[in-house]
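Hi everyone, thanks for coming. I'll take you through one structure today, starting with its pocket and then moving to its charged pairs.

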Amino acid sequence: MTAAVGLPTVKCLVWDLDDTLWDGVVLEGDRPRPFAAALRTLDTLDSRGILHAVASRGERDVAERWLKECGLADRFVALEIGWGAKSDAVAAVAETLGIGIDTLAFIDNDAFERGEVTAAHPTVRCYPADQVGVLPDLDDFRPPFVTPESRQRRAMYQAEQRRRAAEESTSGSPAEFLASLGLTLTVRRARPGDLERAHELTVRTHQLNSTGLTFSLEELRDLAASPRHEVLVARLTDRFGSYGTIGLAVSDLLDGEQRLRLLLMSCRVLSRGMGRVLIGHIVERARAAGRVPRAEFVSTAHNRITLVTLGFAGFVPVERDGDRMLLEHRPDRGEAGSPHVRIIDEDTDPAGPAGTGEGEGTTT
């Protein structure tokens, strides 16, 4: 079968529980066991980075207890269990996860429930429960790339949920909470295993994209292998876990100049100030190599915040041509970095995470 025309690959499968995930109805006193085919689909899709959530009728505490009893509670990143419309529950899942509703699929044994969801959300792909075993074979559930990072997607979403809960319950200021996170930004030249995620970033990130450029996987491979270019990737972790690869920088290495052609950051770390931290580190690398840091910027409908971030980091315009400008770093303008972020440069500190894991790296 082919993927639904015009719709993206599924990012999250939303499950009904009774007679769909397991064989029986918990509220009727059953102690239902999960269907073997459902368990295989849970495992297979999870290994591809596809998330799982619940939209089911019933009492939440009862359903949660049985999920724990079955050893499945940590497999789902969102639970919408109650007596409202399934379409509302599906929409709440999309909002909780921060993904488009057109990236959801829904599985339920009840044709009426599937029809209600389809009527409210035509782009949500709906499947009957007896098809659970074949879902992994459908193109809709086959991402174009499956990377080591995508296999950790569930863990990263769960870490983000713990982060949000901690931030909402803190009594201190936002700055104090930021300082408590133990943020570590790890930067390195892109390696072959990094490039698929780097390509994902170029086609997904808009607000923090300096020029609006996108690169194919082949173009990124060529740039990463070229001595006249530098492709950097940045990963972020804190005390709750990993954010994954959240930044990409592509530069031309010219005589006496390093020109940043593309800088982008995941919007997930916007509130952490990582754009300015990464820019500051790129400046340090350029200065250490004897090059003047410059950056191209092309205005789009979404990326004004990137220009503001470059300005705070000390970049000032030196050339303008319509929506395009060239900026140059001035050491006496702005401040880059953050006292709350530890930076590890794996290219200069081989004893860091890529080596023994014990190197202290460069701290800003």
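What you see is a predicted model, where local features need pLDDT of at least 70, side-chain atom pairs count only at pLDDT 80 or more, and totals for chains, interfaces and linings use all residues. Residues are numbered from 1 along each chain as its sequence is written, and side-chain values use heavy atoms, with hydrogens and water left out.

OK, the pocket. On a 1 Å grid over the protein atoms alone, a pocket is an open set of points where a 1.4 Å probe fits, with protein on both sides within 12 Å along at least five of seven lines, and lining residues have an atom within 4 Å of a point.

In total 42 residues line the pocket, and Lys11, Ile99, Tyr157, Arg197 and Arg204 lie nearest its centre.

Now the charged pairs. Side chains of opposite charge can pair when their charged atoms come close. We call it a salt bridge when a side-chain nitrogen of Lys or Arg is within 4 Å of a carboxyl oxygen of Asp or Glu, and the count here is 30.

Take Lys86 and Asp16, whose closest N and O atoms are 3.5 Å apart. Lys86 sits in helix H3 (residues 86-97) and Asp16 in the loop between strand S1 (12-15) and helix H1 (36-47), so this pair links parts of the chain 70 residues apart. Are they buried (under 20% relative accessible area), exposed (over 50%) or partly exposed (in between, 1.4 Å probe, protein chains only)? Lys86 is buried, at 3%, and Asp16 is buried too, at 5%.

Next, Arg57 and Glu113 come to 2.7 Å, N to O. Here strand S2 (residues 51-57) is linked to helix H4 (residues 111-120), with the partners 56 residues apart. Arg57 is partly exposed at 30%, while Glu113 is buried at 7%.

Glu149 and Arg235 also form a salt bridge, at 2.8 Å. Glu149 counts as buried, at 13%, and Arg235 as partly exposed, at 31%.

How values were computed
Helix = DSSP H or I, 4+ residues; strand = E, 2+ residues; numbered from the N terminus.
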